[in-house]
Amino acid sequence: MLPALTMGDPAGIGPELTVLAWKALREQGEAFLWVGDPALLAPHVPVQIVQNAHEASAVFAEALPVLPITLPVPVVPGQPDGALAGAIIASIETATKLALSGVVSAVITNPISKIVLKEAGFGFPGHTEFLASLCGVPGEEIMMLASPRLRVVPVTVHVSLREALNSLSSERIVQVGRALAVALKRDFGMEAPRIAVAGLNPHAGEGGVMGFEERDMIQPAIDVLRDEGIDATGPYPPDTLFTDLARPLYDAALCMYHDQALIPLKTLDMATGVNVTLGLPIIRTSPDHGTAFSIAGKGVADPASLLAALRMARELGARRAMNKGKTS
Ligand SMILES: NC(=O)c1ccc[n+]([C@@H]2O[C@H](COP(=O)([O-])OP(=O)(O)OC[C@H]3O[C@@H](n4cnc5c(N)ncnc54)[C@H](O)[C@@H]3O)[C@@H](O)[C@H]2O)c1
Ligand SMILES: N[C@H](C(=O)O)[C@H](O)COP(=O)(O)O
(Lines give C-alpha, C1' and ligand atoms only; values in the text may rest on other atoms or scores of the structure.)
(Ligands and ions follow the chains in the order given, each with its own letter.)
Protein backbone atom coordinates (compact mmCIF):
# COMPACT_ATOMS: atom_id res chain seq x y z
CA MET A 1 0.00 0.00 0.00
CA LEU A 2 1.19 3.50 -0.72
CA PRO A 3 0.61 6.76 1.20
CA ALA A 4 -1.38 9.78 0.04
CA LEU A 5 0.30 13.18 -0.09
CA THR A 6 -1.99 16.19 0.19
CA MET A 7 -1.76 19.32 -1.94
CA GLY A 8 -1.20 21.78 0.91
CA ASP A 9 -1.43 25.45 -0.02
CA PRO A 10 -0.86 25.53 -3.79
CA ALA A 11 0.77 28.97 -3.53
CA GLY A 12 3.39 27.63 -1.14
CA ILE A 13 6.31 25.29 -1.72
CA GLY A 14 4.20 22.09 -1.56
CA PRO A 15 3.86 21.59 -5.33
CA GLU A 16 7.58 21.97 -6.07
CA LEU A 17 8.52 19.75 -3.11
CA THR A 18 6.12 17.12 -4.45
CA VAL A 19 7.86 17.23 -7.83
CA LEU A 20 11.29 16.92 -6.17
CA ALA A 21 10.09 14.05 -3.98
CA TRP A 22 8.78 12.14 -7.00
CA LYS A 23 12.11 12.63 -8.81
CA ALA A 24 13.99 11.38 -5.75
CA LEU A 25 11.78 8.34 -5.12
CA ARG A 26 10.53 7.14 -8.51
CA GLU A 27 13.40 4.76 -9.16
CA GLN A 28 13.32 3.35 -5.63
CA GLY A 29 9.67 2.41 -6.09
CA GLU A 30 8.68 4.27 -2.93
CA ALA A 31 5.42 5.38 -4.46
CA PHE A 32 2.97 7.95 -3.21
CA LEU A 33 -0.31 9.31 -4.52
CA TRP A 34 -0.79 13.08 -4.74
CA VAL A 35 -4.25 14.48 -4.02
CA GLY A 36 -4.38 17.80 -5.79
CA ASP A 37 -4.67 19.73 -9.03
CA PRO A 38 -2.57 18.04 -11.75
CA ALA A 39 -2.11 21.40 -13.49
CA LEU A 40 0.26 22.46 -10.69
CA LEU A 41 2.69 19.64 -11.47
CA ALA A 42 2.20 18.96 -15.17
CA PRO A 43 4.61 21.63 -16.46
CA HIS A 44 7.44 20.05 -14.46
CA VAL A 45 6.97 16.27 -14.53
CA PRO A 46 4.88 13.66 -16.31
CA VAL A 47 1.60 13.33 -14.44
CA GLN A 48 -0.91 10.49 -14.58
CA ILE A 49 -4.43 11.00 -13.36
CA VAL A 50 -5.60 7.88 -11.55
CA GLN A 51 -9.08 6.89 -10.45
CA ASN A 52 -7.98 5.16 -7.30
CA ALA A 53 -4.97 4.39 -5.16
CA HIS A 54 -4.49 0.95 -6.69
CA GLU A 55 -3.53 2.40 -10.07
CA ALA A 56 -0.96 4.72 -8.54
CA SER A 57 1.76 2.18 -7.70
CA ALA A 58 1.79 0.84 -11.22
CA VAL A 59 2.42 4.21 -12.86
CA PHE A 60 4.78 5.73 -10.27
CA ALA A 61 8.04 4.91 -12.05
CA GLU A 62 6.85 6.71 -15.18
CA ALA A 63 4.60 9.48 -13.91
CA LEU A 64 3.47 11.19 -10.74
CA PRO A 65 0.06 9.70 -9.90
CA VAL A 66 -2.62 12.24 -9.07
CA LEU A 67 -6.09 11.89 -7.65
CA PRO A 68 -7.45 15.12 -9.07
CA ILE A 69 -8.91 18.05 -7.18
CA THR A 70 -9.46 20.97 -9.50
CA LEU A 71 -8.63 24.46 -8.28
CA PRO A 72 -11.24 27.16 -8.92
CA VAL A 73 -8.76 29.97 -9.71
CA PRO A 74 -5.20 30.17 -11.09
CA VAL A 75 -2.35 29.97 -8.60
CA VAL A 76 0.40 32.55 -8.26
CA PRO A 77 3.34 31.11 -6.29
CA GLY A 78 3.88 33.11 -3.12
CA GLN A 79 0.44 34.71 -3.24
CA PRO A 80 -2.03 32.78 -1.11
CA ASP A 81 -5.69 33.11 -2.05
CA GLY A 82 -8.66 32.32 0.18
CA ALA A 83 -10.55 31.12 -2.91
CA LEU A 84 -8.31 28.03 -2.81
CA ALA A 85 -9.27 27.10 0.76
CA GLY A 86 -12.06 24.70 -0.23
CA ALA A 87 -9.74 22.68 -2.47
CA ILE A 88 -6.97 22.66 0.15
CA ILE A 89 -9.40 21.28 2.72
CA ALA A 90 -10.91 18.80 0.24
CA SER A 91 -7.45 17.37 -0.41
CA ILE A 92 -6.93 16.70 3.31
CA GLU A 93 -10.41 15.21 3.65
CA THR A 94 -9.96 12.92 0.65
CA ALA A 95 -6.56 11.64 1.77
CA THR A 96 -7.86 11.02 5.29
CA LYS A 97 -10.91 9.12 4.04
CA LEU A 98 -8.63 6.92 1.94
CA ALA A 99 -6.45 6.22 4.98
CA LEU A 100 -9.42 5.52 7.25
CA SER A 101 -10.81 3.05 4.74
CA GLY A 102 -7.43 1.32 4.45
CA VAL A 103 -6.91 2.22 0.79
CA VAL A 104 -3.71 4.18 1.49
CA SER A 105 -1.14 3.45 4.17
CA ALA A 106 -0.76 6.98 5.57
CA VAL A 107 -1.50 10.65 5.05
CA ILE A 108 1.44 12.97 4.47
CA THR A 109 0.42 16.60 4.44
CA ASN A 110 2.02 19.41 2.51
CA PRO A 111 2.02 22.68 4.46
CA ILE A 112 -1.06 24.85 4.79
CA SER A 113 -1.32 28.43 5.95
CA LYS A 114 -3.35 28.66 9.13
CA ILE A 115 -4.33 32.28 8.58
CA VAL A 116 -5.46 31.73 4.97
CA LEU A 117 -7.72 28.88 5.99
CA LYS A 118 -8.98 30.62 9.11
CA GLU A 119 -9.98 33.68 7.09
CA ALA A 120 -11.88 31.38 4.74
CA GLY A 121 -13.87 29.98 7.68
CA PHE A 122 -11.87 26.86 8.54
CA GLY A 123 -12.65 25.99 12.15
CA PHE A 124 -9.40 24.33 13.19
CA PRO A 125 -5.99 25.73 14.17
CA GLY A 126 -4.16 23.27 11.90
CA HIS A 127 -4.00 19.79 10.41
CA THR A 128 -3.46 18.16 13.80
CA GLU A 129 -6.84 19.12 15.23
CA PHE A 130 -8.66 18.80 11.87
CA LEU A 131 -7.39 15.26 11.33
CA ALA A 132 -8.45 14.24 14.85
CA SER A 133 -11.94 15.53 14.06
CA LEU A 134 -12.05 13.74 10.69
CA CYS A 135 -10.92 10.54 12.41
CA GLY A 136 -13.59 10.86 15.10
CA VAL A 137 -11.11 11.30 17.96
CA PRO A 138 -11.22 15.04 18.72
CA GLY A 139 -9.04 15.94 21.70
CA GLU A 140 -6.93 12.81 21.46
CA GLU A 141 -4.49 14.28 18.94
CA ILE A 142 -0.90 14.75 20.03
CA MET A 143 1.73 16.64 18.08
CA MET A 144 5.21 15.20 17.97
CA LEU A 145 8.15 16.62 16.07
CA ALA A 146 10.87 14.09 15.47
CA SER A 147 14.32 14.45 13.97
CA PRO A 148 17.52 12.43 14.03
CA ARG A 149 18.58 14.16 17.25
CA LEU A 150 15.43 14.95 19.15
CA ARG A 151 11.77 14.07 19.67
CA VAL A 152 9.50 16.65 21.29
CA VAL A 153 5.83 16.70 22.21
CA PRO A 154 4.15 19.95 23.29
CA VAL A 155 1.33 19.40 25.80
CA THR A 156 -0.43 22.57 24.60
CA VAL A 157 -0.23 23.37 20.90
CA HIS A 158 -1.82 26.03 18.72
CA VAL A 159 -2.96 28.53 21.32
CA SER A 160 -1.57 31.78 22.63
CA LEU A 161 1.05 31.49 25.33
CA ARG A 162 -1.42 32.97 27.82
CA GLU A 163 -4.04 30.39 26.89
CA ALA A 164 -1.43 27.64 27.02
CA LEU A 165 -0.63 28.56 30.61
CA ASN A 166 -4.31 28.66 31.52
CA SER A 167 -5.10 25.32 29.91
CA LEU A 168 -2.13 23.33 31.25
CA SER A 169 -3.15 20.77 33.84
CA SER A 170 -1.82 17.67 35.53
CA GLU A 171 -4.54 15.66 33.81
CA ARG A 172 -3.53 16.80 30.34
CA ILE A 173 0.17 16.18 31.05
CA VAL A 174 -0.69 12.65 32.18
CA GLN A 175 -2.92 12.06 29.14
CA VAL A 176 -0.23 13.21 26.70
CA GLY A 177 2.50 11.33 28.61
CA ARG A 178 0.52 8.08 28.45
CA ALA A 179 -0.18 8.42 24.74
CA LEU A 180 3.45 9.30 24.10
CA ALA A 181 4.66 6.19 25.94
CA VAL A 182 2.32 3.99 23.88
CA ALA A 183 3.44 5.62 20.62
CA LEU A 184 7.14 5.32 21.44
CA LYS A 185 6.67 1.60 21.95
CA ARG A 186 4.24 0.84 19.14
CA ASP A 187 5.38 3.24 16.44
CA PHE A 188 9.02 3.83 17.30
CA GLY A 189 9.88 0.31 18.47
CA MET A 190 11.18 1.20 21.95
CA GLU A 191 10.87 -1.35 24.73
CA ALA A 192 11.19 1.05 27.67
CA PRO A 193 10.98 4.64 26.44
CA ARG A 194 12.44 7.39 28.60
CA ILE A 195 10.35 10.55 28.75
CA ALA A 196 11.95 13.73 30.04
CA VAL A 197 9.36 16.21 31.28
CA ALA A 198 10.24 19.88 30.97
CA GLY A 199 9.46 22.41 33.64
CA LEU A 200 7.51 25.51 32.79
CA ASN A 201 9.35 28.24 34.67
CA PRO A 202 12.98 29.35 34.64
CA HIS A 203 15.11 26.78 36.50
CA ALA A 204 11.99 24.59 36.70
CA GLY A 205 10.72 26.91 39.41
CA GLU A 206 13.79 26.49 41.62
CA GLY A 207 11.86 25.24 44.62
CA GLY A 208 9.10 27.83 44.24
CA VAL A 209 11.34 30.88 43.95
CA MET A 210 10.30 31.22 40.29
CA GLY A 211 6.86 29.63 40.22
CA PHE A 212 4.89 26.74 41.66
CA GLU A 213 3.62 24.96 38.53
CA GLU A 214 6.39 22.38 38.78
CA ARG A 215 5.49 21.50 42.39
CA ASP A 216 1.72 21.72 42.06
CA MET A 217 1.05 20.46 38.54
CA ILE A 218 4.00 18.88 36.72
CA GLN A 219 5.54 16.78 39.51
CA PRO A 220 2.17 15.22 40.45
CA ALA A 221 1.68 14.31 36.77
CA ILE A 222 5.12 12.69 36.65
CA ASP A 223 4.26 10.75 39.81
CA VAL A 224 1.09 9.39 38.20
CA LEU A 225 2.97 8.37 35.06
CA ARG A 226 5.69 6.69 37.12
CA ASP A 227 3.07 4.83 39.19
CA GLU A 228 1.77 3.44 35.90
CA GLY A 229 5.22 2.12 35.04
CA ILE A 230 6.14 4.87 32.57
CA ASP A 231 9.75 6.05 32.79
CA ALA A 232 8.95 9.75 33.07
CA THR A 233 11.41 11.99 34.89
CA GLY A 234 11.69 15.69 35.65
CA PRO A 235 10.59 18.39 35.75
CA TYR A 236 13.83 19.56 34.17
CA PRO A 237 14.96 23.16 33.70
CA PRO A 238 13.95 23.84 30.10
CA ASP A 239 17.09 25.81 29.23
CA THR A 240 19.41 22.83 29.58
CA LEU A 241 17.07 20.02 28.54
CA PHE A 242 18.10 20.17 24.89
CA THR A 243 21.88 20.39 25.14
CA ASP A 244 24.16 17.85 23.45
CA LEU A 245 24.82 16.31 26.85
CA ALA A 246 21.17 16.06 27.91
CA ARG A 247 19.51 14.75 24.73
CA PRO A 248 21.03 11.25 24.78
CA LEU A 249 19.51 10.71 28.24
CA TYR A 250 15.90 10.52 27.00
CA ASP A 251 13.86 9.33 24.02
CA ALA A 252 11.34 12.17 23.96
CA ALA A 253 10.89 15.47 25.73
CA LEU A 254 7.40 16.30 26.97
CA CYS A 255 7.16 20.07 26.75
CA MET A 256 4.64 22.48 28.19
CA TYR A 257 3.97 24.67 25.15
CA HIS A 258 4.54 24.86 21.38
CA ASP A 259 7.69 26.96 21.20
CA GLN A 260 9.39 25.26 24.15
CA ALA A 261 9.26 22.11 22.03
CA LEU A 262 9.62 23.38 18.49
CA ILE A 263 12.39 25.95 18.88
CA PRO A 264 15.04 23.38 19.88
CA LEU A 265 13.83 20.89 17.27
CA LYS A 266 13.84 23.32 14.37
CA THR A 267 17.09 24.92 15.48
CA LEU A 268 18.82 21.56 15.55
CA ASP A 269 17.20 19.79 12.62
CA MET A 270 14.87 22.02 10.56
CA ALA A 271 15.89 20.32 7.32
CA THR A 272 15.07 16.81 8.44
CA GLY A 273 12.46 17.26 11.16
CA VAL A 274 9.11 15.54 10.77
CA ASN A 275 5.79 16.46 12.32
CA VAL A 276 3.89 13.31 13.38
CA THR A 277 0.38 13.24 14.79
CA LEU A 278 0.00 10.65 17.54
CA GLY A 279 -3.33 9.49 18.91
CA LEU A 280 -5.01 8.98 15.52
CA PRO A 281 -6.20 5.68 14.07
CA ILE A 282 -4.24 6.56 10.90
CA ILE A 283 -0.60 7.44 10.30
CA ARG A 284 0.00 11.11 9.56
CA THR A 285 3.32 12.80 9.03
CA SER A 286 4.32 16.12 7.53
CA PRO A 287 7.43 18.18 6.90
CA ASP A 288 8.28 20.35 9.92
CA HIS A 289 8.27 23.58 7.92
CA GLY A 290 5.48 25.76 6.64
CA THR A 291 4.35 27.12 3.30
CA ALA A 292 7.47 29.30 2.84
CA PHE A 293 5.55 31.70 0.57
CA SER A 294 8.57 33.97 0.16
CA ILE A 295 10.54 31.32 -1.75
CA ALA A 296 7.64 29.54 -3.50
CA GLY A 297 8.22 29.00 -7.20
CA LYS A 298 11.86 30.11 -7.04
CA GLY A 299 13.34 26.63 -7.26
CA VAL A 300 15.25 26.84 -3.98
CA ALA A 301 12.98 24.86 -1.64
CA ASP A 302 14.66 21.90 0.06
CA PRO A 303 12.63 18.65 -0.11
CA ALA A 304 14.59 16.95 2.72
CA SER A 305 11.90 17.36 5.35
CA LEU A 306 9.14 16.08 3.03
CA LEU A 307 11.33 13.10 2.09
CA ALA A 308 11.92 12.45 5.80
CA ALA A 309 8.14 12.63 6.38
CA LEU A 310 7.49 10.10 3.60
CA ARG A 311 10.21 7.83 5.00
CA MET A 312 8.90 8.07 8.54
CA ALA A 313 5.36 7.24 7.42
CA ARG A 314 6.69 4.05 5.80
CA GLU A 315 8.63 3.13 8.96
CA LEU A 316 5.68 3.78 11.25
CA GLY A 317 3.43 1.73 8.97
CA ALA A 318 5.84 -1.19 9.03
CA ARG A 319 6.08 -1.10 12.84
CA ARG A 320 2.34 -0.78 13.33
CA ALA A 321 1.82 -3.78 11.07
CA MET A 322 4.39 -5.73 13.10
CA ASN A 323 2.83 -4.73 16.43
CA LYS A 324 -0.80 -5.09 15.37
CA GLY A 325 -2.93 -5.98 18.36
CA LYS A 326 -0.54 -4.66 21.01
CA THR A 327 -1.97 -1.82 23.08
CA SER A 328 0.89 -1.07 25.43
N1 LIG B 1 2.65 21.57 8.51
C2 LIG B 1 2.12 22.75 8.26
O3 LIG B 1 1.10 22.83 7.61
C4 LIG B 1 2.80 24.02 8.72
C5 LIG B 1 3.92 23.97 9.56
C6 LIG B 1 4.51 25.19 9.97
C7 LIG B 1 3.97 26.39 9.53
N8 LIG B 1 2.88 26.37 8.71
C9 LIG B 1 2.32 27.60 8.13
O10 LIG B 1 3.24 28.09 7.18
C11 LIG B 1 3.11 29.52 7.07
C12 LIG B 1 4.49 30.15 7.11
O13 LIG B 1 5.07 29.88 8.37
P14 LIG B 1 6.53 30.35 8.79
O15 LIG B 1 6.98 31.45 7.89
O16 LIG B 1 6.50 30.55 10.23
O17 LIG B 1 7.43 29.07 8.58
P18 LIG B 1 8.05 28.42 7.27
O19 LIG B 1 8.55 27.09 7.70
O20 LIG B 1 7.11 28.45 6.13
O21 LIG B 1 9.29 29.35 6.88
C22 LIG B 1 10.31 29.67 7.81
C23 LIG B 1 11.61 29.95 7.05
O24 LIG B 1 12.17 28.74 6.56
C25 LIG B 1 12.28 28.76 5.15
N26 LIG B 1 11.90 27.43 4.66
C27 LIG B 1 10.84 26.71 5.08
N28 LIG B 1 10.79 25.54 4.44
C29 LIG B 1 11.84 25.50 3.62
C30 LIG B 1 12.34 24.53 2.69
N31 LIG B 1 11.73 23.35 2.50
N32 LIG B 1 13.45 24.83 1.97
C33 LIG B 1 14.08 26.00 2.17
N34 LIG B 1 13.67 26.97 3.03
C35 LIG B 1 12.56 26.71 3.75
C36 LIG B 1 11.34 29.85 4.67
O37 LIG B 1 11.72 30.37 3.43
C38 LIG B 1 11.42 30.83 5.81
O39 LIG B 1 12.59 31.60 5.66
C40 LIG B 1 2.21 29.94 8.23
O41 LIG B 1 0.95 30.27 7.70
C42 LIG B 1 2.10 28.72 9.12
O43 LIG B 1 0.84 28.60 9.69
C44 LIG B 1 2.29 25.22 8.29
N1 LIG C 1 3.10 23.62 14.79
C2 LIG C 1 3.57 23.04 13.59
C3 LIG C 1 4.90 23.57 13.25
O4 LIG C 1 5.17 24.73 13.54
O5 LIG C 1 5.67 22.84 12.64
C6 LIG C 1 2.69 23.37 12.46
O7 LIG C 1 2.07 24.58 12.59
C8 LIG C 1 1.98 22.27 11.91
O9 LIG C 1 0.72 22.15 12.44
P10 LIG C 1 -0.32 21.17 11.79
O11 LIG C 1 0.39 19.89 11.46
O12 LIG C 1 -1.31 20.99 12.87
O13 LIG C 1 -0.88 21.85 10.60
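## A buried arginine

Let's start inside the protein: Arg284 has 28 C-beta neighbours inside 10 Å and so counts as buried (a residue is buried if 20 or more other C-beta atoms, placed from the backbone, lie within 10 Å of its own, exposed if 12 or fewer, and partly exposed in between). Arg284 sits in strand 12, residues 284-287; helices (H or I, at least four residues) and strands (E, at least two) are DSSP runs numbered from the N terminus. Leaving aside neighbours within four places in sequence, Arg284 is in contact with Ala106, Val107, Thr109, Leu131 and Thr277, where contact means C-beta atoms, placed from the backbone, within 7 Å.

## About the model

This is a predicted model, in which local features need pLDDT of at least 70, side-chain atom pairs count only at pLDDT 80 or more, and totals for chains, interfaces and linings use all residues. Residues are numbered from 1 along each chain as its sequence is written, while chains are lettered from A and ligands numbered from 1 in the order in which they are written.

The protein chain has an average pLDDT of 95, and 99% of the residues score at least 70; pLDDT is the predictor's confidence in each residue, from 0 to 100. For the complex, the predictor gives an ipTM of 0.97 and a pTM of 0.95.

## Around the two ligands

Ligand 1 has 18 residues around it, and Pro111, Ser113, His289, Gly290 and Asp302 come nearest (near means a C-beta atom, placed from the backbone, within 6 Å). This shell divides into 7 nonpolar, 9 polar and 2 charged residues. Here Ala, Val, Leu, Ile, Met, Phe, Trp, Tyr, Cys and Pro count as nonpolar, Asp, Glu, Lys and Arg as charged, and the others, Gly among them, as polar.

Around ligand 2 you will find Gly126, His127, Thr128, Leu262, Asn275, Ser286 and Asp288. By class, that shell has 1 nonpolar, 5 polar and 1 charged residues.

Asn275, one of the residues around ligand 2, lies in strand 11, residues 274-278. Asn275 is buried because 24 C-beta neighbours lie inside 10 Å. Not counting residues up to four places away in sequence, Asn275 touches Met143, Leu145, Thr285, Ser286 and Asp288.

Helix 5 (residues 127-134) is largely enclosed by the rest of the structure, because 6 of its 8 residues are buried. These are His127, Thr128, Phe130, Leu131, Ala132 and Leu134, and they pack against helix 3 (85-100), strand 6 (142-147), strand 11 and strand 12. Just after helix 5, Gly136 takes a positive phi of about 75°.

Methods: Two residues are in contact if their C-beta atoms, placed from the backbone, lie within 7 Å.
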